[in-house]
Amino acid sequence: MPYKYLGKHHLDGFDKYKYNAVDTSPLSNYVMHPLWDKCIKIFPKWLAPNLMTFCGFLLLVFNFLLLSYFDWDFYGSSRLHPAYPIVPTYIWITCGVCQFVAHQLDGMDGKQARRTKSSTPLGELFDHGIDSWVAAFMPIELYSCFSRCEEDYGRNVFILFWILWNIVGVFTISHWEKYNTGILFLPWGYDISQLSLAAVYLITGIFGYEFWKITVYGFEWRVLLVPLVFLGSAGLSVPQSLYNIYRGYKDGTGKMRSFNRAMEPLYPLFALFALSTIWVYFSPTSILELQPRIFCLAIGTINSNIACRLIISQMSDTLCNSFNQLLIPLALCVVSAFVFNDSTIEVYLLYSLCIISIVAHVHYASCVVYQLADHFNIHIFSLKKKKERKR
């Protein structure tokens, strides 16, 4: 079912696009980039950068599926629920290795593109588009290390909801920043969060989930978790993004859009946040308690679609839509949940929303990637040259 989501104005904008990013992170500049510069020489020059990106994505999907299978209800790290088997040690080790390798591939795909002289706007869009979806997987996976059992040093599922929004919201705001400044200021928290997540998995695998039940100088890990996540993500990124936008307007170096035009990309994000929050806190049957994994996956997928459309607009220098169609089924689910007031129906509604969101998002992403590959006359996962043709 191919469909051309991009218009001529998008394609013309992609033709003029030039990558412009600023990375001031000490960890990135003094540790990761020197490491990647050495490691990239291992890879053959015939290897397509997009294939590296996609392999990293598959590793993270594999992590998500593994933990979903072994800890669907988030009780696998609780000592008070013996009916739920614990997550095996080798699973945590596997997740840690996959997370670390995926991070390295994500850091080296751009270097491989420059090394093979195959850099295109499609590669950047492919990379950031995948990151927008992966951002939703990570907090869900991390939550399995602590469990939802508060009586056993866990955190309730509402904390998962806010951590999810902290991660996906910051990701979208960072690209909204580029939409208004023309420069992608890479957040300091990215490399720190990726390496920390791999470390958490490995520690859990080596020392067991009981490691997170101990106290540190009188403070429980579960108490420290939320401030650390929020500080490392929103605390390091959002103030800097707002300042960079302000400076762009003050110096005249930004896009200089009107206030309404500048804010338009955030309207779908605000609507998604409002609808999801209303559903979570006013659900007649406590839907987040019933299906926390599916709920967060559905919301994360819709956010990824919003973020991808924003990324396309900022790369093609076109105006971003102020509405996303996936908000319609979400709104219908929220309204129906209150009308029917039945837990079984509400769960079916949530699963339907999740399936619809994933199918629609994958279709959108696939069609956009194929359309851009055709436009630039390149293969997606191969560096073999296509025959030259007139546009």
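Which residues touch the most other members of the largest nonpolar core? In this predicted model, the core comprises 92 residues, and those with the most contacts to other members are Phe 14, Leu 125, Leu 272, Trp 279, Phe 295, Leu 330 and Leu 372. Helix α12, spanning residues 292–316, makes the greatest contribution, supplying 14 residues. A separate core of 7 residues lies apart from the largest one and includes Trp 36, Ile 40, Leu 105 and Met 108.

With residues up to four places away in sequence left out, Phe 295 touches Phe 161, Ser 276, Trp 279, Val 280, Ile 287, Leu 288 and Leu 350.

The structure contains 0 disulfides. For Cys 98, the nearest cysteine sulfur belongs to Cys 95 and is 6.7 Å away, whereas a disulfide requires sulfur atoms within 2.5 Å. Cys 98 has a relative accessibility of 9% and therefore counts as buried. Cys 333 likewise takes part in no disulfide, the nearest cysteine sulfur being that of Cys 354 at 11 Å. Cys 333 is also buried, its relative accessible area being 7%.

Helix α14 covers residues 343–376. The N-terminal end of α14 is capped by Asp 342, which places a side-chain oxygen 3.0 Å from the backbone nitrogen of Thr 344.

How values were computed. Residues are numbered from 1 along each chain as its sequence is written. This is a predicted model: local features need pLDDT of at least 70, side-chain atom pairs count only at pLDDT 80 or more; totals for chains, interfaces and linings use all residues. Side-chain values use heavy atoms; hydrogens and water are left out. A nonpolar core is a set of buried Ala, Val, Leu, Ile, Met, Phe, Trp, Tyr and Cys residues joined through side-chain atoms within 4.5 Å. Buried means under 20% relative accessible area, exposed over 50%, partly exposed in between (1.4 Å probe, protein chains only). Helices (H or I, at least four residues) and strands (E, at least two) are DSSP runs, numbered from the N terminus. Contact means heavy atoms within 4.5 Å. The expected span of a helix is 1.5 Å times one less than its number of residues. A polar contact is a pair of N or O atoms within 3.5 Å; within protein, one must be able to donate a hydrogen and the other to accept it, and residues adjacent in sequence count only if both atoms are side-chain atoms.
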